[in-house]
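This report goes through one model, from the way its chains meet down to single residues. The sequence and structure come first.

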There are 2 protein chains.
Amino acid sequence: MSPESPPSMSPPERLAAHLAEDMARVAALIRARMSSEHAPRIPEVTAHLIEAGGKRLRPMLTLAAARLFGASGANPVRLAATVEFIHTATLLHDDVVDESRRRRGRPSANLLWDNKSSVLVGDFLFARSFQLMVETGSLRVLDILADAAATIAEGEVLQLTVAHDLAIDEATYLKVVRGKTAALFAAACEAGAVVAGAGAAEQQALAAYGDALGIAFQIVDDRLDYAGAAAVIGKNVGDDFAERKLTLPVIRAVAAASPDERAFWERTIARGDQRPGDLETAGAILARTGALAATAAEAAIWAGRARAALAGLPAGEVREMLDALAGYVVARAA
Amino acid sequence: MSPESPPSMSPPERLAAHLAEDMARVAALIRARMSSEHAPRIPEVTAHLIEAGGKRLRPMLTLAAARLFGASGANPVRLAATVEFIHTATLLHDDVVDESRRRRGRPSANLLWDNKSSVLVGDFLFARSFQLMVETGSLRVLDILADAAATIAEGEVLQLTVAHDLAIDEATYLKVVRGKTAALFAAACEAGAVVAGAGAAEQQALAAYGDALGIAFQIVDDRLDYAGAAAVIGKNVGDDFAERKLTLPVIRAVAAASPDERAFWERTIARGDQRPGDLETAGAILARTGALAATAAEAAIWAGRARAALAGLPAGEVREMLDALAGYVVARAA
């Protein structure tokens, strides 16, 4: 373990300390590329979101994946910034789609400016991300990230079209989660391995790690939307309920519902007739039926899969940190 | 002239006839790639817009640019589909931003479905366009189109932030037009030349042609928004006025305004206090002050620049058609 990363640090903090130099270059590159000669609204909106913090997990995954194979420098940094730009663009568009009012503990951009700015600045950041990828000169990386961008959008559209539908099963939920979250985690990891010159099996192992980590992460997020505190998740608890999303806790609770509970979900999620106190009732049902515990257990399974995917990768400090990160992501659910 | 293109056809019809075989392949590729295994909403929304017609000018430009240098086949077809996907994505997002109700003579997608679907399906089509470009294997083409995508978004954001501002000058208007329209025209032409193996000077000449053609096209569009008929432009006349956009006709009219006219523009465009009959008054002012005629003259200047850019390119039927197209685009303003 490096002298600068004492064991008391959390896994993302350890990763951030280990990758500090490259992460500073990522931050500088993001600042440089979010500028616009003609449209100052672009850096204003982007800075609001980017400077609100966020854990920068995705760019760290790219840098860590490259570092596993001894690579650092310009191309991993470009890719890490690419991944963060794609993530930021999707957040801007998600907040329009979800009519969100908070993001990362601040008022959302669509609220501070307007939906139009969020849509167009998101488009700009998508385009910037592609410019950055092109600079790596790697067609394989472009392929991976273009596929991820398509999968993300597909997952978001799927989520939109299956919202409010109590018949949604866990397989459909998993497709949505793979799209909206895991695709970018997987691509972030895989692309880092590719620019580092890793072999095909190692690239695949990192993609599998990112996929499983992303799924665990999103399942935990969906659990926290019922069981968390706003301070932890940076958005309002109950957003998913208000948006009538069929997330895993609700899917599990619907599957085990008594007739009264079934009527409750029909009214609040399917018909959207929500009244004061409904969110608390939902939380109580989720706790009593064991749906929250089952959701946490499912996240732990995916974290285990993420750890297992690391087995064939070069042993050492970075692999240890990635392993610890999988445990940490799930511990958020405790 | 080919037997299938009699002189009575319009320039876009002649181009379409000349490129019919490749355009059929472009249409087939678009249909194949707008599909989604998981989210049927994606092809529904895309088909609504794509099958409404549109002249498919941009993909024809790509094919024509490649054909100038004797190239046709898989890569020009991929690029042409790429360009049409980017265009379609921007239309979906524009209609959300402009709160449009009509597009290509049909109700707009944001009206038929919702803004969310338009945002996310647009994102999907952007991602699909990048996947298609990657398949060409040309980093230079990726560079050109990623730059164009960034310029488009920048132009749209600039347009948003300068709307309602009577102080906007023609230089700012030109930046907006270069972004929202000319960047994709230029990239469509340049990318076609690149995959055809054209030299640097020829690539630049085609980029210059596309840039000038796009500017002429948009100036004409902005004129038609006051002087056209809905049947010609496929959207509602007066949309720009309702959205209080500072387009060239208004910029010219404001520059030449009497005190009464100035007060009219202050009220309708700057303050947005619009009443029944205002659109007709605006049209009458634009006609009387010569602003419409001056706008048409400006478009003709840009069409002339487009034609001039063709001078160094291989002579023949395709170059003739591109030359005639520049004249045709301006004739829409007559």
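## The interface

In this predicted model, 37 residues of chain A are in contact with 37 residues of chain B. Four helices of chain A give two or more residues each to the side that touches chain B. They are α3 (41-50), α5 (74-97), α7 (115-136) and α8 (139-162). The most comes from α8(A), with 14 residues. By class, this side of chain A has 21 nonpolar, seven polar and nine charged residues.

Which surface does each copy use? 100% of the interface residues of chain A are also interface residues in chain B, so the copies meet through the same surface.

## Symmetry

Chain A can be laid on chain B with an RMSD of 0.0 Å.

## Crossing helices: α3(A) and α7(A)

From α3(A), the contact is made by R41(A), I42(A), V45(A) and T46(A). From α7(A), S117(A), V121(A), F124(A) and L125(A) take part. By class, the contact has five nonpolar, two polar and one charged residues.

## One face of α1(B)

Helix α1 of chain B spans residues 11-18. Its buried residues are R14(B), L15(B) and H18(B). Seen down the axis of α1(B), these buried residues fall within an arc of 100°, so they line one face of the helix.

What do the buried residues of α1(B) pack against? Their partners are α4 (57-68) and α17 (317-331) of chain B.

## L158(B): contacts in both chains

L158(B) is found in helix α8 (residues 139-162) of chain B. It has 25 C-beta neighbours inside 10 Å; 20 or more make a residue buried, so L158(B) counts as buried.

Which residues does L158(B) touch, not counting those up to four places away in sequence? In chain A they are H38(A) and A39(A). In chain B they are K175(B), V176(B) and G179(B). Y173(B) lies 15 residues from L158(B) in sequence, and the two are 9.3 Å apart in space, C-alpha to C-alpha.

F241(B) has its place in helix α12 (residues 239-242) of chain B. With 21 C-beta neighbours inside 10 Å, F241(B) counts as buried.

Leaving aside neighbours within four places in sequence, F241(B) is in contact with L279(B) and A282(B). H164(B) is 77 residues from F241(B) along the chain. Their C-alpha atoms are separated by 9.9 Å.

## The loop between α12 and α13 of chain A

This loop joins α12 (239-242) to α13 (248-255) and holds R244(A). T247(A) lies in the loop between α12 and α13 too. Are these residues buried or partly exposed? R244(A) counts as partly exposed, with 18 C-beta neighbours inside 10 Å. T247(A) counts as buried, with 23.

T247(A) touches Y173(A), D222(A), D225(A) and D240(A), not counting residues up to four places away in sequence. F130(A) is 117 residues from T247(A) along the chain. The C-alpha atoms of T247(A) and F130(A) are separated by 31 Å.

## Positive phi at two arginines

Most residues other than glycine have a negative phi. R56(A) has a positive phi of about 50° although it is not a glycine. R244(A) has a positive phi of about 60°, and it is not a glycine either.

Where do they sit? R56(A) is found in the loop between α3 and α4 (57-68) of chain A. R244(A) lies in the loop between α12 and α13 of chain A. R56(A) is buried, with 22 other C-beta atoms within 10 Å, whereas R244(A) counts as partly exposed.

Key. Residues are numbered from 1 along each chain as its sequence is written. Chains are lettered from A and ligands numbered from 1 in the order in which they are written. This is a predicted model: local features need pLDDT of at least 70, side-chain atom pairs count only at pLDDT 80 or more; totals for chains, interfaces and linings use all residues. Copies are superposed by least squares on the C-alpha atoms of residues with pLDDT of at least 70 in both. Two residues are in contact if their C-beta atoms, placed from the backbone, lie within 7 Å. Ala, Val, Leu, Ile, Met, Phe, Trp, Tyr, Cys and Pro count as nonpolar, Asp, Glu, Lys and Arg as charged, and the others, Gly among them, as polar. A residue is buried if 20 or more other C-beta atoms lie within 10 Å of its own, exposed if 12 or fewer, and partly exposed in between; C-beta atoms are placed from the backbone. The arc is that of the directions from the helix axis to the C-beta atoms.
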